[in-house]
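Hi,

Here's the structure I said I'd pass along. Have a look at it first, and then read on for what turned up.

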Amino acid sequence: MLPELHESVQSEGLAAAVEEHLEQTREHGPRLEKVFRALGAEPSSNLDPPAEKLVEHHSELAGSFTNDRLEDVFHASAAATTEHHELSAYDALLALAQAVELPHDARGLLERNRAEEAEALRRLQQERDRLVGELGT
Ligand SMILES: [Fe+2]
């Protein structure tokens with residue numbers, strides 16, 4: 001969703017938050033591949049069904065707003081929802097990592113990804129709230 005969002009948003013602050021997280025996510029895949037290999041498992045790049053639905057829902061509504069600021073609120077909210085979903089997945093992975101005694105360095109890769117997801121969520125929510133505040137001005 002992030003590449004499409006980056007093309008669509010009007011707000012400079014929101015675009016910067018999306019761009020920064022887009023850069024971070026380029027590292028997430030390779031880190032996850034290392035974690036899977038540490039477990040002797042083969043990684044897959046398939047989107048999970050809830051993530052696919054979030055992207056589909058966003059695509060259906062994007063471009064249907066007559067107010068650019070309101071559309072950016074929609075984009076920020078959709079991106080934040082995705083970050084919540086990703087954080088939930090990392091929380092499950094970290095719980096599993098503890099259960100299977102994943103090596104410390106591999107666990108650190110998961111924790112680093114999760115921390116970046118949490119920071120992205122914080123920034124997206126901050127941008128969403130700022131944009132909502134500007135709606136009445
Ligand atoms: Fe993310």
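One term before we start: two residues are in contact if their C-beta atoms, placed from the backbone, lie within 7 Å. With that in hand, Pro50, Ala51, Leu54, His58 and Leu61 of helix 3 touch Phe74, Ala78, Thr81, Thr82 and His85 of helix 4. That contact is made up of six nonpolar, four polar and no charged residues (Ala, Val, Leu, Ile, Met, Phe, Trp, Tyr, Cys and Pro count as nonpolar, Asp, Glu, Lys and Arg as charged, and the others, Gly among them, as polar).

A word on what you're looking at: this is a predicted model, where local features need pLDDT of at least 70, side-chain atom pairs count only at pLDDT 80 or more, and totals for chains, interfaces and linings use all residues. Residues are numbered from 1 along each chain as its sequence is written. The pLDDT is the predictor's confidence in each residue, from 0 to 100; the protein averages 92, and 100% of the residues score at least 70.

Now the overall picture. The protein has five helices and zero strands (DSSP runs numbered from the N terminus: H or I, at least four residues, for helices, and E, at least two, for strands). Helix 1 (residues 2–8) has the lowest mean pLDDT of these elements, 80, while helix 5 (residues 104–135) has the highest, 96. The C-alpha atoms fill a box of roughly 55 × 25 × 20 Å along the principal axes.

Back to the pair we began with: the axes of helix 3 (residues 49–61) and helix 4 (residues 68–99) come within 10 Å and cross at roughly 175°. Axes here are lines fitted to C-alpha atoms, for helices over the stretch in contact, and angles run from 0 to 180 degrees between N-to-C directions. So helix 3 and helix 4 are roughly antiparallel (over 145 degrees; under 35 is roughly parallel, 65 to 115 roughly perpendicular and the rest oblique).

Helix 2 (residues 12–38) and helix 5 have axes that come within 9 Å and cross at roughly 160°, which means helix 2 is roughly antiparallel to helix 5 as well. Their contact divides into 10 nonpolar, five polar and seven charged residues.

Cheers
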